[in-house]
Amino acid sequence: MASKKIVLHFGKDISDKPIIYHLAKDYGLVFNIIKANVNPNKEGMVVLELAGEEYDQGLDFLKSQGVRVQPLAEEVFRNEAKCTDCGACTAICPTGALYLERPSMEVRFDSDNCVLCQICLKVCPVKAMEVKF
Ligand code: SF4
Ligand code: SF4
């Protein structure tokens, strides 16, 4: 039974519901939570390893509950030539992989702390954060 790594994004209206619990109870899926985070806006992000016969049905269930499902990227990286050091990504990166270095206020990316959630891709105004699958 091969497992797949995925990223789940929960809106603030559903982040407190036991949705992942139903993957095991109703679909017999085996899961391993690699990383989980709830931001100050109460939006949740979970990096999950998931396996089971009813994998597709489990994913359909997640989507029916309003969960956004993404495949886990192999690598996320910052294109330094494009980056303007605006800092927008540092405010939303859940692990601090993107951070402002003081006193220069230049943005740094520590790939060792990146959990590949891809949230930074959405906020970067110049598309400097890139992903490889
Ligand atoms: S993908 Fe982006 S937002 Fe997510 S942990 Fe990595 S650098 Fe931070
Ligand atoms: S949001 Fe984009 S441009 Fe701004 S600091 Fe982050 S990577 Fe650079």
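Student: Starting with K25, is its side chain buried or exposed?
Tutor: K25 counts as exposed, because its relative accessibility is 53%; buried means under 20% relative accessible area, exposed means over 50%, and partly exposed is in between (1.4 Å probe, protein chains only). This is a predicted model, in which local features need pLDDT of at least 70, side-chain atom pairs count only at pLDDT 80 or more, and totals for chains, interfaces and linings use all residues. Side-chain values use heavy atoms, leaving out hydrogens and water, while residues are numbered from 1 along each chain as its sequence is written, and chains are lettered from A and ligands numbered from 1 in the order in which they are written.

Student: And what does K25 meet in a salt bridge?
Tutor: The partner of K25 is D26, with 3.5 Å from N to O, a salt bridge being a side-chain nitrogen of Lys or Arg within 4 Å of a carboxyl oxygen of Asp or Glu. D26 counts as partly exposed, at 38% relative accessibility.

Student: How many salt bridges does the count come to?
Tutor: The count comes to seven salt bridges. One of them joins the side chains of E74 and K132, at 3.7 Å from N to O. That pair links distant parts of the chain, 58 residues apart, since E74 is in the loop between β4 (68-71) and β5 (75-78) and K132 is in strand β8 (residues 129-132); here helices (H or I, at least four residues) and strands (E, at least two) are DSSP runs, numbered from the N terminus. E74 is exposed at 53% relative accessibility, whereas K132 is partly exposed at 39%.

Student: Which residue does R78 form a salt bridge with?
Tutor: R78 forms a salt bridge with E80, and their closest N and O atoms are 3.9 Å apart. Elsewhere, salt bridges that share partners join E74, E75 and K132 into one network.

Student: Switching to α2, which of its residues are buried?
Tutor: In helix α2 (residues 55-64), the buried residues are Y55, G58, L59, F61 and L62. Seen down the axis of α2, they fall within an arc of 155°, so they line one face of the helix; the arc is that of the directions from the helix axis to the C-beta atoms.

Student: Why do residues three or four places apart point the same way?
Tutor: An α-helix has 3.6 residues a turn, so residues at that spacing point the same way.

Student: What covers the buried residues of α2, and which exposed ones are turned away?
Tutor: The cover includes β1, α1 (19-27), β3 (44-51) and β4, where contact means heavy atoms within 4.5 Å. The face turned away from the buried side carries the exposed residues D56, D60 and S64. Just after α2, G66 takes a positive phi of about 90°.

Student: Where does H9 lie, and what does it touch?
Tutor: H9 lies in strand β1 (residues 4-10) and counts as buried at 10% relative accessibility. Leaving aside neighbours within four places in sequence, H9 is in contact with residues including G44, M45, G66 and C117.

Student: Which residues other than glycine have a positive phi?
Tutor: K42 has a positive phi of about 70°, and K127 has one near 55°. K42 is in the loop between β2 (30-38) and β3, and K127 is in the loop between α4 (119-123) and β8. Most residues other than glycine have a negative phi, and most peptide bonds are trans. The peptide bond from R102 to P103 is cis, with omega near 5°.

Student: Last topic, what surrounds ligand 1?
Tutor: Ligand 1 is surrounded by residues including C93, C114, C117 and C120, each having a heavy atom within 4 Å of it. This shell divides into nine nonpolar, two polar and no charged residues; Ala, Val, Leu, Ile, Met, Phe, Trp, Tyr, Cys and Pro count as nonpolar, Asp, Glu, Lys and Arg as charged, and the others, Gly among them, as polar.

Student: And how many residues surround ligand 2?
Tutor: Ligand 2 has 14 residues around it, the closest being C83, C86, G87, C89 and C124. That shell divides into 10 nonpolar, two polar and two charged residues.
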